[in-house]
Every structure is written in structure tokens, then in C-alpha cells.
Amino acid sequence: YGTTYYPVEYEQPTCTYSNTYTLNPDGGEDIYSTEDVIISGTVNGQVTVYTAGGGKASSGDGSYADGDIVVADNINYATAGSDVLGAVAEQNVVIACWQPENNLSWSAATISLNGRWESDYDTGLSPHCSARSKSSMTFTGSTATYDGGSMGGFNTRTYNYDPTLRYLPPPDYPQIPSAFKVMYERAVAVP
């Protein structure tokens, strides 16, 4: 009786509100949300998308968002080497089981602060994901995660580091200092 509501990665939503952001051509942009965020398309500029979760749904069952970033389709850069996407999720970075691509290709620097980096095909997240495995997934970028992950559901998975991230990190993206200093050094004789 009634309607059962699932997180957005479980079942393709019918969006009544979506937005296309035009990025500042002179520098990077940050997009912040307390809702789960669905990302796809072509990035033309430098942008970091943050989702903290905790936002209350204005419709449905009124539940609170987890803070997931959901990959819904291919994500490409308009100009390789000058465009970059950062995706920072409070919980999970998830490839939705309803994404349409048989050969998914996506690029980003991703962080899953308190969750996993995974696809929804075989992780047991979705109680009713009936999508069959797709042919391939190609990920170009970097990822950091709190709780590991799995990108099952693809017959072939290819992971590439994006060398652009060495000199052009996403705006306000956490960074490790590029250099360290040797404070003390000594030679140890081999026995």
C-alpha cells in the first residue's frame, strides 16, 4: 500500500527540475548541494561538485539525502588538458544501474568521504536493479574512498590516470603537497 521510495541510483528518476551550469571562463567553479547529485554530459571548464547530504526531499516520502553522487551517463571534457571535473560525495560515488550506455566512458577526480566508489549492478545496493551487465566501462581520473568499492556489472573495466590532474586539479579540491623536505638522512651499513 502506498509508494516505496528508493535512492536515486536505484531507479531512474523523472526529473521535474534540472539545471545546466555555465561555468566561469576565467576560473573554476564550485557547485554545492545538500541533495544527491546526478552528473553526466560534457564539462567545458573547471568545476567541483560537492554534495553533503542531509537535504530533505520536498516530495515523495520526505526522506533525507545521503550525499551521493550518481553517474548517469558518459562524462567527457570539451577540451582535454584544460577542462576538469571534481566530484566530492559525503557518502557514495555510484554508477546508476539505469545509466543507458553499453560502453560507459567517464572522467573525473572523485572522492567518497564516508562511503564507497561503486556501480549499482552487483553490489546489492539496489533491491530491484534488473539491468544486465554492460560491455565496458572506461574511467579516466583519480579516486579516493573511505570504504573501498567495486565497479562490477561491466564485462571489461579500464582505469586510466588523468595526467592533467597533476597540473590542473579541480577547483578547491583537496590536494597533497607536491613536495616534501628531507630533514635528516643517514647511511645504514649492510650487515
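**Talking through a predicted model**

Biologist: Which residues touch the most other members of the largest nonpolar core?

Modeller: In this predicted model, that core has 30 residues, and Ile-39, Ile-75, Leu-85, Ile-95, Trp-106 and Met-137 touch the most other members. Strands S2, S3, S4, S5, S6, S7 and S9 each supply at least two residues of this core.

Biologist: What does Met-137 touch, leaving out residues up to four places away in sequence?

Modeller: Its partners are Ile-95, Leu-104, Trp-106, Met-151, Phe-154, Thr-156, Arg-157, Thr-158 and Tyr-159.

Biologist: Why is Ser-119 called buried?

Modeller: Ser-119 has a relative accessible area of 0%, and buried means under 20%, so Ser-119 counts as buried. Ser-119 lies in strand S8, residues 117–119. With residues up to four places away in sequence set aside, Ser-119 touches Ile-95, Ser-150, Met-151, Gly-152, Gly-153 and Phe-154.

Biologist: What makes the pair Arg-116 and Glu-118 a salt bridge?

Modeller: Their side chains meet at 2.8 Å, N to O. The cut-off is within 4 Å, for a side-chain nitrogen of Lys or Arg and a carboxyl oxygen of Asp or Glu, so this pair qualifies. A search of the whole structure finds one salt bridge.

Biologist: And are those two residues buried, partly exposed or exposed?

Modeller: Glu-118 has a relative accessible area of 2%, so Glu-118 is buried.

Definitions and conventions
Residues are numbered from 1 along each chain as its sequence is written. This is a predicted model: local features need pLDDT of at least 70, side-chain atom pairs count only at pLDDT 80 or more; totals for chains, interfaces and linings use all residues. Side-chain values use heavy atoms; hydrogens and water are left out. Buried means under 20% relative accessible area, exposed over 50%, partly exposed in between (1.4 Å probe, protein chains only). A nonpolar core is a set of buried Ala, Val, Leu, Ile, Met, Phe, Trp, Tyr and Cys residues joined through side-chain atoms within 4.5 Å. Helices (H or I, at least four residues) and strands (E, at least two) are DSSP runs, numbered from the N terminus. Contact means heavy atoms within 4.5 Å.
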